[in-house]
Amino acid sequence: MIMTTDTHDFVIELKDVTKPLERFTLGPLNLTLEPGYIYALVGPNGSGKSTLFRMLMNLVKPASGEVQLIGHSYSPDAEPVIKRRIGYVPELTEWEEIAGTIGELTAFIRYWYPGWNEGLYRELLAKFQLDEGLKLKKLSKGMQRKLALVYALAQEPELLLLDEPTAGLDPLAWRDCMKEISRFMADGRRTVVMATHILEEVRRMADYVMFLYEGRLLGTFEKDTLLEEWKSLWVDRAPEGAERIPGVVHVERGPVADRLITRQAAQTESALKERGVTIRTMGALELDEIFAYMIGK
C-alpha cells in the first residue's frame, strides 16, 4: 500500500531521462525541483516542453532514465496516489469523448479526487463565468483553458503542472488566472511548474527559470539573480580583446559607442575599471534576449 504522509526533498526528480522525438532526442534530463516554488519552463515551440509534461504525468514513457514525483516512481500501485496529488493543465484537452457538458465532466473528475474542494470549484466557476450547462464542444480555447485550471485547482494538489495555461485568454481572464495561481502558492508548501511563452508571466510569477532548447535543458536559474547578472553595458570604446573579459558573451562595436553583453555584470564592470574603461550606461536584458545568447544566437 502506498502511503501519502511521506516527506520528500524534491517534488520532481529526473535522472538521465531521455525520449527520442522526431527531430531530436529529449534529454538526457537531470533535474531536481524543491517544493514551495514556481518554476517557469521556457523554450521555443517544438523544444520538448509538452513531451516533458506528458512524461511527468506518465502519459508518455521515457526511453531511459527515472522519473520521480513527490517521492515516488510510477508503478501500478503508486500512479493513483501520485496523480491525486498533481493538478495538470495540458496543452490540449480531449474532453468530448468523456462527457457532453461541463457538469457531466465535473461529476466524472470529482469522483477520482478525495481532496476535491467543491466550494473552491463553485467559486472559480463563477469567477471565470463558466456554467455547468455549457456544452464542451462549444467551448472556446480560452474557456477550455479556464475550465482546465478550475479543475486542477479544485483538486487541491501539492504540485501544479501548467502547459501554456493562459494561451487564448483575454487580459482580464489572464489577470484572474495569475491571481489564482498566486493564491494556490500562499501556504508556501505547494509547487508550480509552468511552460509559457508569455514573458510577463515569468517576470511576475516565477522564482526559477528553466531553459529548454531542442531537447536540451540549458539550466535552472534563480530568476532575480539571472536578471541581475545579465546586463547590457555601453562604453565609448571597448578595449581590444573585450570578448575575453570575464562574463562578456557578445560585443557590438558601433560608430558612437560599443555595447557589451555580459552574464556576470559585477565581474565585467570590475575588469573594465581595471582597464580604465568607463561604463556610460548599464541596462537589464529581457529574458528572451538572455535565452537567445544562451543558445548562441
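The paragraphs below treat the sheet, then the helix on it, then the leucine.

This is a predicted model, in which local features need pLDDT of at least 70 and side-chain atom pairs count only at pLDDT 80 or more, while totals for chains, interfaces and linings use all residues. Residues are numbered from 1 along each chain as its sequence is written, and side-chain values use heavy atoms, with hydrogens and water left out.

An open sheet is formed by 4 strands in the order β12-β13-β11-β14, with antiparallel pairing; strands here are DSSP runs of E with at least two residues, helices are runs of H or I with at least four, and both are numbered from the N terminus, while two strands pair if DSSP finds at least two bridges between them. The edge strands, each pairing on one side only, are β12 (248–253) and β14 (279–284), and the twist averages 20° from one strand to the next. Within this sheet, β11 (residues 231–235) and β13 (residues 258–262) run antiparallel and are joined by 5 bridges, with tryptophan 234 standing opposite arginine 259 in β13.

Helix α9 (residues 265–274) packs on the sheet, where it touches β11, β12, β13 and β14, contact meaning heavy atoms within 4.5 Å. The direction of α9 makes about 15° with that of β11, the axes being lines fitted to C-alpha atoms, for helices over the stretch in contact, and the angles running from 0 to 180 degrees between N-to-C directions.

Leucine 199 is found in helix α7 (residues 199–205) and, leaving aside its neighbours within four places in sequence, is in contact with Leu287 and Asp288.
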